[in-house]
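Have a look at the structure first, then read on.

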2 protein chains.
Amino acid sequence: MIIKINDNGFLSEFDEANFICVISSIETTLYYPISGVHRDYIRYTPALDVELVFLGKTLTLKNPPVDSSLSPSPAVISRACIELLDVKNLHINAGSFVKPKIPYINLDENPTGRIEFGKAMENSKDLFKYGYMLGKNLEGKNLIIGESVPGGTTTALGVLRALNYNAKVSSGSIKNPHKLKEEIIGKGLGYIKNRKDIFSILNAVGDKMMPVVAGLVKGFRGNILLAGGTQMAAVLAVIKEIDKSLLEKVALATTEFVLYDKNSNLVEIVKDVGDLPIYAAKFDFEKSKLEGLKKYCEGAVKEGVGAGGLAVYAMDKGIKNREIREFIEENIKKWYP
Amino acid sequence: MIIKINDNGFLSEFDEANFICVISSIETTLYYPISGVHRDYIRYTPALDVELVFLGKTLTLKNPPVDSSLSPSPAVISRACIELLDVKNLHINAGSFVKPKIPYINLDENPTGRIEFGKAMENSKDLFKYGYMLGKNLEGKNLIIGESVPGGTTTALGVLRALNYNAKVSSGSIKNPHKLKEEIIGKGLGYIKNRKDIFSILNAVGDKMMPVVAGLVKGFRGNILLAGGTQMAAVLAVIKEIDKSLLEKVALATTEFVLYDKNSNLVEIVKDVGDLPIYAAKFDFEKSKLEGLKKYCEGAVKEGVGAGGLAVYAMDKGIKNREIREFIEENIKKWYP
């Protein structure tokens with residue numbers, strides 16, 4: 001089932017789409033536990049996620065990542081949808097600590113830096129341009145764009161705060177470390193050189209996924225479903241600063257777990273950005289025989305790797321939430337051997 | 001004008017196509033002057049070529065490469081066709097010494113090795129699989145595939161010789177260093193572990209472009225124009241060893257300079273591979289006011305970076321050879337500032 005908010009018929013023209021996932025690591029996550037990803041996996045998470053999505057198995061480590069409650073990566077949802085619908089997919093490296101062992105599009109070798117010192121990156125404008133050029137050269141009618149950026153809700157908070165949004169961001173954990181995120185952002189915001197310049201803001205407290213996705217949106221000819229929660233809401237805010245008219249071809253799609261998350265305010269943020277449709281995939285993980293999936297209903301993981309957007313796309317094509325769950329249940333032992 | 005040999009109407013269905021260029025360096029070129037590329041450029045050539053094609057300017061160095069007679073890179077032909085027809089293009093790194101400063105698809109960080117010691121690579125089978133997986137995930141109706149691999153006619157000779165073709169390969173120089181190529185190949189062939197296994201042959205004396213392109217051909221759903229001379233003829237021979245039926249969706253397209261090259265036997269090699277159409281773009285560079293283009297008529301450069309295939313595609317779409325030449329003449333100072 002798809003929950004639709006502010007629907008404008010966006011999905012009716014979204015009949016054929018490919019998927020792109022943009023990955024980055026953030027150095028801050030090595031020093032502060034801001035990410036919901038299990039700490040043993042944090043260097044590997046982006047690589048493992050896109051390996052699972054692209055290949056149906058991981059190569060860098062034996063298993064895909066798990067969160068701190070040992071729930072499986074949302075990449076299992078993404079992979080299920082991709083296999084069920086045979087969705088073509090490519091993946092962009094915007095600075096993952098560990099490079100994935102699949103063909104990937106390289107935009108930046110180096111990770112996002114220390115946001116608590118306002119040193120997220122120096123090249124957000126170049127990354128935007130690269131994303132733009134790449135988007136212009138991508139074939140296909142429509143695009144679903146997801147991300148795997150551990151720690152990315154903190155950079156989302158930073159960018160939204162710098163742009164004066166009243167934002168509470170989501171988290172990949174059952175316990176959202178709001179206070180720690182605020183502390184880090186509070187430090188980082190002070191280093192922004194020019195708060196009226198979006199690239200100055202990104203350079204200080206953003207992550208490298210953000211300008212890349214904004215560039216893709218500008219360059220790609222067709223419509224785009226931004227697949228993610230508050231991180232993609234932050235990207236919407238970035239896009240608005242760069243070129244408001246681009247928002248006309250964009251919608252946001254996420255999971256019910258982010259939409260109904262009482263610790264974040266996704267709908268409010270998106271409404272503050274503009275008059276955009278929001279879609280959310282409603283799963284039936286409460287019925288799952290897998291503890292890890294059931295925990296999603298308690299707030300574990302919630303979203304990532306384009307899971308919500310791919311599920312919305314699949315459900316719009318007639319796939320039932322039961323089918324997605326059963327596909328995951330049938331394959332989980334293959335994916336997590 | 002397009003010269004057509006063994007035409008089967010391939011181009012009539014080749015109405016929409018994107019371009020991909022696969023780049024690799026070969027360590028042997030650092031020790032022996034087997035490449036026609038100017039020696040000051042040889043480490044940079046693949047990166048510069050695809051930068052020019054993708055961006056219309058180079059970033060790694062101020063200029064695109066020149067050959068040993070100072071003629072411009074064939075990438076100028078490729079870029080002209082891409083701009084004239086607005087062809088979408090992506091580029092694959094299969095081990096260039098220097099990485100291009102554009103978004104590129106990474107398949108292998110390390111260059112092709114020392115073919116004179118039978119140590120071209122260890123992973124040709126993996127590269128084939130990567131190419132296959134990537135090809136499956138590429139959107140679009142048809143594909144033109146080119147290459148930039150300095151020294152690649154020597155690896156072509158090695159692979160063709162190992163497969164018992166009567167091959168004389170082309171060269172990017174006016175003087176083709178046949179004897180040196182034979183000497184290097186003669187050494188390398190002795191190291192092949194199993195001459196009945198194409199991946200053994202590639203691992204010894206091939207280059208990394210070859211298994212990648214073969215994989216792309218297997219994975220991509222639509223028709224494919226292999227854009228190149230004797231190097232792409234060698235790829236055809238590789239494809240035949242892997243799966244002969246794949247040749248049904250392939251044609252070869254090159255330049256008149258390779259087709260009429262008396263020091264090589266492209267048509268004979270392709271005919272030995274199978275019943276495939278060969279196309280060649282006829283230019284009018286003899287009329288050019290640029291010395292560097294005129295030298296193409298004397299045997300300089302000849303082909304590369306998909307120039308012949310892109311020109312055939314452009315001419316099939318109604319672009320005149322005069323238009324391609326004039327576009328290059330108008331832009332040469334911008335490209336080579």
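Contact here means heavy atoms within 4.5 Å. By that rule, 100% of the interface residues of chain B are also interface residues in chain A, so the copies meet through the same surface. This is a predicted model, where local features need pLDDT of at least 70, side-chain atom pairs count only at pLDDT 80 or more, and totals for chains, interfaces and linings use all residues. Residues are numbered from 1 along each chain as its sequence is written, chains are lettered from A in the order in which they are written, and side-chain values use heavy atoms, leaving out hydrogens and water.

How do the copies line up?

As for the interface, 24 residues of chain B touch 24 of chain A. The two chains bury about 2100 Å² between them, 61% of it on carbon and sulfur atoms; buried area is the accessible area (1.4 Å probe) lost on being put together, summed over both parts. B:K88, B:N137 and B:E139 supply 28% of what chain B buries against chain A, more than any other three residues.

Now for the contact between two helices of chain B, α1(B) and α2(B):

| Helix | Contact residues |
|---|---|
| α1(B) | B:D49, B:L52, B:V53, B:F54, B:L55 |
| α2(B) | B:A75, B:V76, B:S78, B:R79, B:I82 |

Methods: Helix = DSSP H or I, 4+ residues; strand = E, 2+ residues; numbered from the N terminus.
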